[in-house]
Structure formats: C-alpha cells, structure tokens
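Subject: Structure handover

Hello,

Here is the structure for you to look through. My notes follow below it.

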Amino acid sequence: MRTPRARTAAAACVLLALSAPSAAANSGTGTGTGTGNIVVAPAVTTRDEPVTVTVHAASCRTGSASSPAFGETRLTPQPDGAGGHATPAVSRDVAPGSYDITVTCDDGRSVTRTAAFTVINGAVRGGEGAAGGASTADLIIGGLMVASALIGGGVLWLRGEGREDRPAA
C-alpha cells in the first residue's frame, strides 16, 4: 500500500516544481487602454542583443514599441493575425537594469508593461559560466520546493514506520 502513496506524493512534488516557473514567468504588469499582453523574449539580455517584442491583440497588429533600452521600432503584423511583433536590438550604451516597454497602436491606443525585461552586464547564453545568476525570488521558490519535498518525504517515511510488521487486513 505504501507504493501508490509514495508515487502520488512524488507526482505532487513534480507538479509543484513544474508549475512554479510558469507562475513567475509573466510577472510584468500592463497598464493603459487594454491593447493586449506584451511579451518579451528573452526576459534577461545584454547590451547590443536583440529582443523579440510580441503584442497579443488582434486590434494592435501595427504601431510601434518603444523603450529607453532600444528606442522606438515599428510592429510587424503576425501571420496569424493575433497581434504584432518587433525585434529591436538593445542599445550598446544602456545601463544594466529593468526596462519598461510601451506599445502604441496605429489607432492611438497604448499599453505599457513595466519591468518587461532586464539588461545585465556580461553574457547570458552559457559557455563561460552563468552571468546574472538566480534572482532572490528564484532562490526563495527553489528553497520552498526543496523544503516541501523534504517535509513530505519525512511524513511519508514516519507514517510508514512499522507497517511491515503488521498483519495484512
């Protein structure tokens, strides 16, 4: 009887671990007149690197995206008609930090995503080691997941003590 419970507990821990990154992935806030979601990839970049800005709003297929990190760039309609996108390069002389993006549609509506992406010093894409490292939130979430796994495993272990000696019912 212990095996199904252990499998269930292990599956719950795996699901918890997989759900945490997606909960924190889109933590920026949008303000404005409701032109849709602004998504930036990668969320962490370096100077002189391109970022992809995507607006998910069928009513905002064309317009412009602007940020202090890259200036202003035109949006190109997405092939599926669900919005627009642009791929500006981060300026070479921009300071490290978080940057907002404002999208202005051709009809005059605009939306701003605060802290849409972060510019850091150094390399982002592996190779010579990680630059930037994990954020404080990443460390807290990871620590909580490890602690919950240890507590859950300990509870299952303690509940299972002595069951091998009991007669089957």
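F117 is buried, at a relative accessible area of 1%. Buried means under 20% relative accessible area, exposed over 50%, and partly exposed in between, with a 1.4 Å probe and protein chains only. Please note that this is a predicted model: local features need pLDDT of at least 70, side-chain atom pairs count only at pLDDT 80 or more, and totals for chains, interfaces and linings use all residues. Residues are numbered from 1 along each chain as its sequence is written, and side-chain values use heavy atoms, with hydrogens and water left out.

**Aromatic rings**

The count of aromatic pairs comes to 2. Rings of Phe, Tyr and Trp (its six-membered ring) pair if their centres lie within 6.5 Å; planes under 30 degrees apart count as stacked, over 60 as edge-to-face and the rest as tilted. F70 and F117 make a stacked pair, with 6.2 Å centre to centre and 20° between the planes. F70 sits in the loop between β5 and β6 (71-77) and F117 in strand β9, so this pair ties together parts 47 residues apart in sequence. F70 also counts as buried, at 10% relative accessibility. Ring pairs link F70, Y99 and F117 into a cluster.

S67 is in strand β5 (residues 63-67). Strands (E, at least two residues) and helices (H or I, at least four) are DSSP runs, numbered from the N terminus. S67 is buried, with a relative accessible area of 6%. Leaving out residues up to four places away in sequence, S67 touches Y99, D100, I101 and F117. Contact here means heavy atoms within 4.5 Å.

**Strand pairing**

β5 runs antiparallel to strand β8 (residues 97-105), and 4 bridges join them. Two strands pair if DSSP finds at least two bridges between them. G63 stands opposite C105 in β8. β8 also pairs with strand β9 (residues 110-120), in the antiparallel sense, over 7 bridges. There, T102 stands opposite T112 in β9. The hairpin of β8 and β9 has 4 residues between the strands, and G108 takes a positive phi near 100°.

**The disulfide**

The structure holds 1 disulfide, meaning a pair of cysteine sulfur atoms within 2.5 Å. C60 and C105 form the disulfide, with sulfur atoms 1.9 Å apart. The link is left-handed, with -110° about the S-S bond. C60 lies in the loop between β4 (52-56) and β5, and C105 in strand β8, so the pair ties together parts 45 residues apart in sequence. Both C60 and C105 are buried.

**The whole chain**

The chain has 2 helices and 9 strands. Along the sequence the pattern is α-β-β-β-β-β-β-β-β-β-α. Of the 169 residues, 22% count as buried. Among contacts between residues at least 6 apart in sequence, 58% join residues at least 24 apart. The accessible surface is about 10,400 Å², with 59% belonging to carbon and sulfur atoms. Accessible areas come from the Shrake-Rupley method with a 1.4 Å probe.

**From the record**

UniProt lists residues 139-158 as "transmembrane region", in an unreviewed entry. Such annotations may be inferred rather than shown by experiment, and UniProt positions are given in the numbering used here, with feature names shortened. In the model, residues 139-158 are 100% helix and 0% strand, with the end C-alpha atoms 28 Å apart.

Best wishes
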